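The sequence and structure come first, and the description follows.

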Amino acid sequence: MQSLVGDLLLQRLALARAAATQRQPTSRLLCACLREAILDGTLPAHTRLPPTRDLASELGVSRNTVLYAYDQLAAEGCLVSRTGSGSFVADLSADRFIATSPAVGAPAPPPEPVALPSGVSARGEALLGRVSATDVQWGAFLPGLPDVTEFPQQRFAQITAQCARRGPPALRSYATAGGHPALQRSLAQYLRQVRSVQCEPEQILITEGVHQAVDLLSRMLADAGDIAWVEDPGYWGTRNILRMNGLQVDAIAVDADGMQVVEPAPGRVPKLAFVTPSHQYPLGPIMALSRRLALLEAARRHGFWVVEDDYDSEFRFAGQPIPSQQGLMPDAPVIYVGTFSKTLYPGLRTAYMVLPPALVDRIGAAQMELYRGGHLLTQAALAEFIDSGHYAAHIRRMRLIYGQRRARLVELVTQALGSEWLHPFDSNAGLHLVMALPEPLRDTVVAQRAREAGVLVRPLSRYFESPAVQQGLLLGFAAVPIEGMDAPFGRLQRCMEPLRR
């Protein structure tokens with residue numbers, strides 16, 4: 001005689017098989033159907049289930065299939081087995097789990113219903129109010145992107161496979177000692193030769209992107225309430241991380257010679273100063289040597305660290321490379337930060353810091369404790385990629401390509417709008433240019449209309465901390481082939497025409 005439980009499960013199994021998008025083992029489907037019937041109350045507490053042999057016969061499945069379902073649900077606490085009696089649906093009512101009062105031996109009264117938290121913290125709300133990261137990360141003319149399609153992926157994959165075959169098991173474990181020693185050695189040699197950085201391999205700490213480096217430094221070198229200097233305009237990501245870690249941000253104005261070094265106001269001496277001296281972000285000027293030296297002197301006098309973000313110095317299209325600020329003098333109070341996001345591709349999520357010797361052990365220990373880094377296999381492949389000359393060759397090739405693309409975008413702007421639309425601080429470097437907007441144009445409005453037309457630009461005003469903002473657009477050219485520039489630039493220009501009138 002067919003049992004009621006058997007009838008119920010036959011129906012639910014049929015529905016589950018019909019709804020499944022891919023083939024599932026019957027044992028799992030049966031387990032899911034039983035679980036659902038127990039949780040929705042169709043099979044109430046204390047219901048006795050058929051013996052496994054009987055239910056298997058009713059369902060037309062093997063006894064092992066039913067045994068699997070019963071055992072799994074018993075492990076989850078949905079079923080209880082009684083020797084000699086069979087399997088029963090467990091009592092899952094909340095009252096059963098309310099603690100008994102030891103004083104009177106009676107169940108304690110149920111707690112008053114409490115509403116679940118409905119929002120984020122105050123600092124979380126502050127962050128969300130300043131969000132600038134876009135949900136689209138590819139397209140003309142999104143700034144900050146290299147052309148990832150030009151990366152020698154096949155060659156890098158071959159190197160990675162070779163490292164995987166011959167590397168020890170530790171390559172798949174957590175990172176220690178600041179990163180893979182081979183990459184530390186390769187970077188130290190590269191930075192000494194190309195960026196005039198004074199460092200030894202053990203001073204290099206590999207991080208998962210610049211954001212992690214900024215987060216780690218702000219946590220370890222400053223306390224909540226301390227001051228941090230940032231450039232104005234400057235990178236919004238740095239400001240947001242600093243604020244989330246409780247620091248107060250003092251925005252220091254930028255002009256044609258970079259950050260204007262000022263004497264700290266009483267009680268406003270910073271613990272950290274974040275600068276982009278070789279190519280200021282986002283406006284583009286080079287920080288004058290006199291100001292670099294003045295900043296280092298102020299850091300020594302007041303006892304704060306300068307964090308040098310050297311994010312895209314490899315791509316200069318005129319003149320000589322600008323040496324790092326860290327290398328200007330021995331024992332400079334500078335922490336140098338670099339990244340592979342612009343030279344290779346952002347998804348690699350690999351950056352690095354050059355730490356002063358006194359900070360190496362403590363910052364390295366904090367990194368392991370907070371982030372438990374990994375990707376040692378990728379780091380080993382990067383070291384081989386650098387040592388074999390592929391990295392330098394790729395940069396030379398991309399410098400030529402980016403220079404040509406930049407020249408074409410400058411030509412489009414000047415021919416269509418005039419040279420006065422190019423920001424005067426530009427230093428012919430990097431992966432984007434800044435287009436100045438005249439009155440009455442508002443960059444946030446233009447950027448929104450451009451996005452609706454399929455063109456991605458960033459409003460310059462979003463990079464300012466002070467009320468004295470400038471109106472402009474950041475146009476990335478690196479990831480846009482020359483033959484693909486005219487159409488999106490035309491759409492951008494058409495977005496501005498009604499607003500200009």
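## Salt bridges and a surface patch

E465 is partly exposed, with a relative accessible area of 25%; buried means under 20% relative accessible area, exposed over 50%, and partly exposed in between (1.4 Å probe, protein chains only). This is a predicted model, in which local features need pLDDT of at least 70, side-chain atom pairs count only at pLDDT 80 or more, and totals for chains, interfaces and linings use all residues. Residues are numbered from 1 along each chain as its sequence is written, and side-chain values use heavy atoms, with hydrogens and water left out.

The side chain of E465 forms a salt bridge with that of R243, at 2.1 Å from N to O. A salt bridge here is a side-chain nitrogen of Lys or Arg within 4 Å of a carboxyl oxygen of Asp or Glu. R243 belongs to helix α9 (residues 236-244) and E465 to the loop between β12 (458-459) and β13 (472-476), so the bridge ties together parts that are 222 residues apart in sequence. Helices (H or I, at least four residues) and strands (E, at least two) are DSSP runs, numbered from the N terminus. R243 is partly exposed, at 24% relative accessibility.

By the salt-bridge rule, the count comes to 18. Side chains of opposite charge can pair when their charged atoms come close. Among the salt bridges is one between D486 and R408, with the closest N and O atoms 2.8 Å apart. D486 is in helix α15 (residues 486-500) and R408 in helix α13 (residues 390-416), 78 residues apart.

Another salt bridge joins E36 and R12, whose closest N and O atoms are 3.9 Å apart. Here E36 sits in helix α2 (residues 26-39) and R12 in helix α1 (residues 4-19), 24 residues apart. R12 and E36 are also linked with D40 in a network of salt bridges.

The table lists the accessibility of the residues in two of these pairs.

| Residue | Relative accessible area | Class |
|---|---|---|
| D486 | 39% | partly exposed |
| R408 | 18% | buried |
| E36 | 46% | partly exposed |
| R12 | 17% | buried |

Which residues make the nonpolar surface patch? V120, L128 and V131 make this patch of about 260 Å². Patches are made of residues with over 30% relative accessible area and no salt bridge; like charges are joined within 9 Å, and nonpolar side chains (Val, Leu, Ile, Met, Phe, Trp, Tyr) within 5 Å. Accessible areas come from the Shrake-Rupley method with a 1.4 Å probe, and for residues only the protein chains shown count as cover. V120 is in the loop between β2 (86-89) and α5 (122-128), and V120 is partly exposed at 48% relative accessible area.
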